[in-house]
Amino acid sequence: MTSLNDLPLRDDLRGREPYGAPQLDVPYALNTNENPYPPSERLVKAIGEAAMGVAGTLNRYPDRDAVALRADLAAFLNTDTPAAGLTVERVWAANGSNEIIQQILQAFGGPGRTALGFEPSYSMHPIITAVSGTRWVNAFRDEDFGLEPERAVAAVEEHRPDVVFLTSPNNPTGTALPLDAIKAVLAAAPGVVVVDEAYAEFRRAGTPSALTLLDGHPRLIVTRTMSKAFAMAGARLGYLAADPAVIEALLLVRLPYHLSAVTQAVARTALAHGEELLGGVEALRRERDAVVGWLRAEGFRVADSDANFVLFGTFPDRRKVWEGLLGRGVLIREVGPPEWLRVSVGTPGEMAAFRTALQQVRGGTTPRTPPAGFAGNSEESL
Ligand SMILES: *Cc1c(COP(=O)(O)O)cnc(C)c1O
């Protein structure tokens with residue numbers, strides 16, 4: 001049998017582990033920040049009809065530039081942030097914002113180039129960076145998971161990165177960045193600045209989006225996704241807003257026809273039902289604030305969250321707590337700084353199960369019936 005080591009694999013890929021948030025069949029999956037509310041029956045039907053609508057033309061390639069979808073995404077962003085004034089030439093879409101990030105690195109990173117981020121943050125930024133042959137530099141976030149503008153600028157000036165990643169609200173901490181920090185980095189950065197706003201729709205009232213900075217900042221790229229608030233993780237649709245020249249650059253590296261006709265049709269249908277899909281966001285924010293309050297009342301340390309997850313701790317042995325919860329059917333994420341855990345915000349019922357399980361784990365009670373088959377591994381990513 002051939003092993004990986006026998007293959008003429010790129011040297012820089014040797015010894016790497018594939019990305020892997022555990023995908024386990026558990027009663028309470030609170031580990032990948034999905035929206036817990038599935039599409040309504042009405043939307044399921046509409047999506048089916050949309051897929052049927054393109055099925056008869058699947059012998060042909062799809063619209064390579066996804067123009068109609070990008071126009072819909074621009075219209076959505078303008079309702080989210082009216083000041084953005086976006087148009088189709090300033091919006092680009094791909095199969096999840098991970099593919100967007102990959103295209104950005106293919107165009108602006110690469111061998112001999114550097115990308116810089118502030119960890120703890122989204123683990124795919126350094127992973128996609130490395131796979132693109134780009135050097136990764138981590139300049140840490142502050143103790144409170146924020147980012148002091150002067151320190152951020154100093155890191156940018158020291159490393160002169162071709163690509164800077166700022167995640168706001170940040171995963172896994174939930175921290176939103178003030179625009180001042182983003183503006184300071186934009187002023188200092190010699191390359192492109194990516195503000196990853198995967199969780200923007202969950203931000204608390206009064207927290208501005210970096211979309212408002214696009215005018216006058218031609219090297220700013222704001223990325224978004226339909227995987228989180230939009231409840232469409234399975235559809236794989238990520239997008240960005242930037243100067244039209246940035247999108248011209250991405251056209252050089254994207255694969256032709258990267259977005260299937262089915263993806264485009266499904267995403268457009270979801271956007272047309274945006275009000276329904278985003279209808280759960282308000283409830284999730286309330287549930288988030290409630291779980292933050294509850295955890296604090298229980299004496300835990302909790303990071304302020306503008307997202308649909310909460311980072312809490314601190315645990316001298318977080319693996320034990322993670323396993324204890326899993327033994328009770330509650331799967332959360334072992335991610336971020338070593339003594340912390342992250343729980344995604346689910347339905348009220350799911351959060352009640354989380355609270356009960358956490359109290360039991362803390363109290364040292366043994367689980368009633370450990371569900372079978374939770375051998376689960378846990379990895380330091382997403
Ligand atoms: C989930 C997530 C994404 C990407 O999600 P896609 O499903 O690929 O769109 C991007 N950035 C952050 C910070 C995330 O947490």
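Tutor: A residue is called buried when its relative accessible area is under 20%, and exposed when that area is over 50%. The model is a predicted one, and the part examined here is helix α5, which spans residues 149-159. Within α5, the buried residues include A152, V153, A155 and V156. Viewed down the axis of α5, the buried residues fall within an arc of 160 degrees, so they line one face of the helix. A general rule bears on this pattern: an α-helix has 3.6 residues a turn, so residues three or four places apart point the same way. On the other side of α5, E150 and E158 are exposed.

The surroundings of the buried face come next. Among the elements that cover the buried residues of α5 are the strands β3 (114-117) and β5 (163-167), together with helix α6 (179-188). Just after α5, R160 adopts a positive phi of about 45 degrees.

The largest nonpolar core has 53 residues, of which L166 and M226 touch the most other members. Helix α6 supplies the largest share of this core, namely six residues. Leaving aside neighbours within four places in sequence, L166 is in contact with F118, L147, L177, I182, V185, V193, V194, V195 and D196. Another core, of 34 residues, lies apart from the largest one, and A229, F312, F315 and L331 are among its members.

Conventions
Residues are numbered from 1 along each chain as its sequence is written. This is a predicted model: local features need pLDDT of at least 70, side-chain atom pairs count only at pLDDT 80 or more; totals for chains, interfaces and linings use all residues. Side-chain values use heavy atoms; hydrogens and water are left out. Buried means under 20% relative accessible area, exposed over 50%, partly exposed in between (1.4 Å probe, protein chains only). Helices (H or I, at least four residues) and strands (E, at least two) are DSSP runs, numbered from the N terminus. The arc is that of the directions from the helix axis to the C-beta atoms. Contact means heavy atoms within 4.5 Å. A nonpolar core is a set of buried Ala, Val, Leu, Ile, Met, Phe, Trp, Tyr and Cys residues joined through side-chain atoms within 4.5 Å.
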